[in-house]
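Dear colleague,

Please find below the structure that I am passing on to you, together with its sequence. My notes on what was found in it follow directly after.

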Amino acid sequence: MTKEQKLQTIMEYKGIKDIEVEVDFISDLPISGQSFDEYEKIKEIKERFRAVVTRKIGVSPNVLKGCDTDDVIELMETIFWIEANGENEVKVVDGKIILDIPSLYPYLENYRIMKKAAELNMISNKSYIDWKLNWNRNTIPNS
């Protein structure tokens, strides 16, 4: 799913047909001739835009982070970088990818609990989706 599709799905879920967003960031971010500086400035522009849009629709800015899951190249690059950390391991067992990422364990345990609560109707499906859209708002930095 692309970031655009994620955004559209969230807006449909929340019943938002259209949003007006006004962001003035070009005026204070002149692009220089150096490629790394340009990359950093474009990255900052994207982050500001993401923050404004997600604030407008009421979800965590992290919801639109990460790779587009439809883009196999982006997904593979993400897997390579996960493994580059050194403490993480990527395995292929019986054609399935296994990601061993110790820092992720507490988050996955919380996810397992919330998913089980939704399956057992201890929380509504709406509450579960709202939790997924905002789970990291207070636990993971936006940058």
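The buried residues of helix α4 pack against α5 (125-134) in this predicted model. Those buried residues are Met114, Ala117 and Ala118. They cover an arc of only 100 degrees around the axis, and therefore sit on the same side of α4. The helix itself runs over residues 105-119, which makes 15 residues. From its first C-alpha to its last it reaches 21 Å, close to the 21 Å expected at 1.5 Å a residue. After α4 comes Asn121, with a positive phi near 60 degrees.

Arg50 is placed in helix α2, which spans residues 35-57. Which side chain of opposite charge is nearest to this buried arginine, Arg50? That side chain belongs to Glu47, and it is 4.8 Å away. A salt bridge requires a side-chain nitrogen of Lys or Arg within 4 Å of a carboxyl oxygen of Asp or Glu, and Arg50 has none, although it is buried. The side chain of Arg50 does, however, reach the backbone oxygen of Pro61, at 3.1 Å.

Leu99 belongs to β2, which covers residues 96-100. Is Leu99 buried, exposed or partly exposed? With a relative accessible area of 39%, Leu99 is partly exposed, because buried means under 20% and exposed means over 50%. Leaving aside residues up to four places away in sequence, Leu99 touches Ile82, Glu89 and Val90. Of these contacts, Glu89 is 10 residues from Leu99 in sequence, and the two are 6.0 Å apart in space, C-alpha to C-alpha.

Considering contacts between residues at least 6 apart in sequence, 53% join residues that are at least 24 apart.

With kind regards

How values were computed:
Residues are numbered from 1 along each chain as its sequence is written. This is a predicted model: local features need pLDDT of at least 70, side-chain atom pairs count only at pLDDT 80 or more; totals for chains, interfaces and linings use all residues. Side-chain values use heavy atoms; hydrogens and water are left out. Helices (H or I, at least four residues) and strands (E, at least two) are DSSP runs, numbered from the N terminus. Buried means under 20% relative accessible area, exposed over 50%, partly exposed in between (1.4 Å probe, protein chains only). Lys and Arg count as positive and Asp and Glu as negative; His and the chain ends are not counted. A polar contact is a pair of N or O atoms within 3.5 Å; within protein, one must be able to donate a hydrogen and the other to accept it, and residues adjacent in sequence count only if both atoms are side-chain atoms. The expected span of a helix is 1.5 Å times one less than its number of residues. The arc is that of the directions from the helix axis to the C-beta atoms. Contact means heavy atoms within 4.5 Å.
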